[in-house]
Amino acid sequence: MSRLLDYQENAQGSGLSSHPSLRDVHSINPAQLMARIESYESRQKKGISDVRRTFCLFVTFDLLFITLLWIIELNVNGGIEKTLPQEVLQYDYHSSYFDIFLLAVFRFKILILAYALCRLRHWWAIAFTTAVTSAFLLAKVILSKLLSQGAFGYVLPIISFLLAWIETWFLDFKVLPQEAEEENRLLLVQDASERAALTHPGLPSDGQFYSPPESEAGSDEESEEKQDTEKPVV
């Protein structure tokens, strides 16, 4: 008997603990839910999220910054008119910085195509660009003579390497998780709105109201007179 009583008490306790969740469902305001759904849908209609737009801006900054450093390097080593043909037309893997600039252009094209135009939601594209960038820069630093050409022999490879990995970190830890969280939040809000529509039916329309026919003004007075005449005289 004691075990049976304990089981009944536990069942009652679990039933009571489930009441707050039901109350929470009943306390949902459908107007607020619809406002949230509209806000999420308006974000999706933009075509690209704010965090993804920030990522694309950073990829553009990567290209512009590497280009700026390469132009500065050309001016330092004798001027653009003299040094540019040597590095482009007479390209030498061991002493030219032109390939680092092309590597930045390669990252820009792949990442913008994948995450801005195609709106890819996977990390394989940036993993490919980061792997190619890392392998190329490591090989260039080991095999080339950049380190003996002054400060730019250190600056350009290091900055290019860091920017590639910062882009990878930003996409993997900021862009993709935040977009997945927004999608899950939208699904939860839609689910809650459907429950609220079931638990809080809307107000009846004008056709659903029933108004009884109005009684004539003299009918009440006639009924009262009849009741007075029908009373027995004492």
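Aspartate 50 and arginine 53 sit three residues apart in helix H3 (residues 50-76), a separation of about one helical turn. Helices here are DSSP runs of H or I with at least four residues, numbered from the N terminus. The model is predicted: local features need pLDDT of at least 70, side-chain atom pairs count only at pLDDT 80 or more, and totals for chains, interfaces and linings use all residues. Residues are numbered from 1 along each chain as its sequence is written, and side-chain values use heavy atoms, with hydrogens and water left out.

The side chains of aspartate 50 and arginine 53 form a salt bridge at 2.8 Å, N to O. The term means a side-chain nitrogen of Lys or Arg within 4 Å of a carboxyl oxygen of Asp or Glu; by this rule the count is six. Aspartate 50 is partly exposed at 49% relative accessibility, and arginine 53 is partly exposed at 34%. Buried means under 20% relative accessible area, exposed over 50%, and partly exposed in between (1.4 Å probe, protein chains only).

Helix H7 (residues 152-199) holds glutamate 181 and arginine 185, four residues apart, or about one turn. Their side chains meet in a salt bridge of 2.8 Å, N to O. Glutamate 181 is partly exposed at 44%, as is arginine 185 at 35%.

Another salt bridge joins aspartate 99 and lysine 140 at 2.6 Å, N to O. Aspartate 99 belongs to helix H5 and lysine 140 to helix H6 (residues 124-143), so the pair ties together parts 41 residues apart in sequence. Both residues are buried. Other buried residues of H5 include Phe98, Ile100 and Arg107. Just after H5, arginine 119 has a positive phi of about 55 degrees.

Note on methods: Helices (H or I, at least four residues) and strands (E, at least two) are DSSP runs, numbered from the N terminus.
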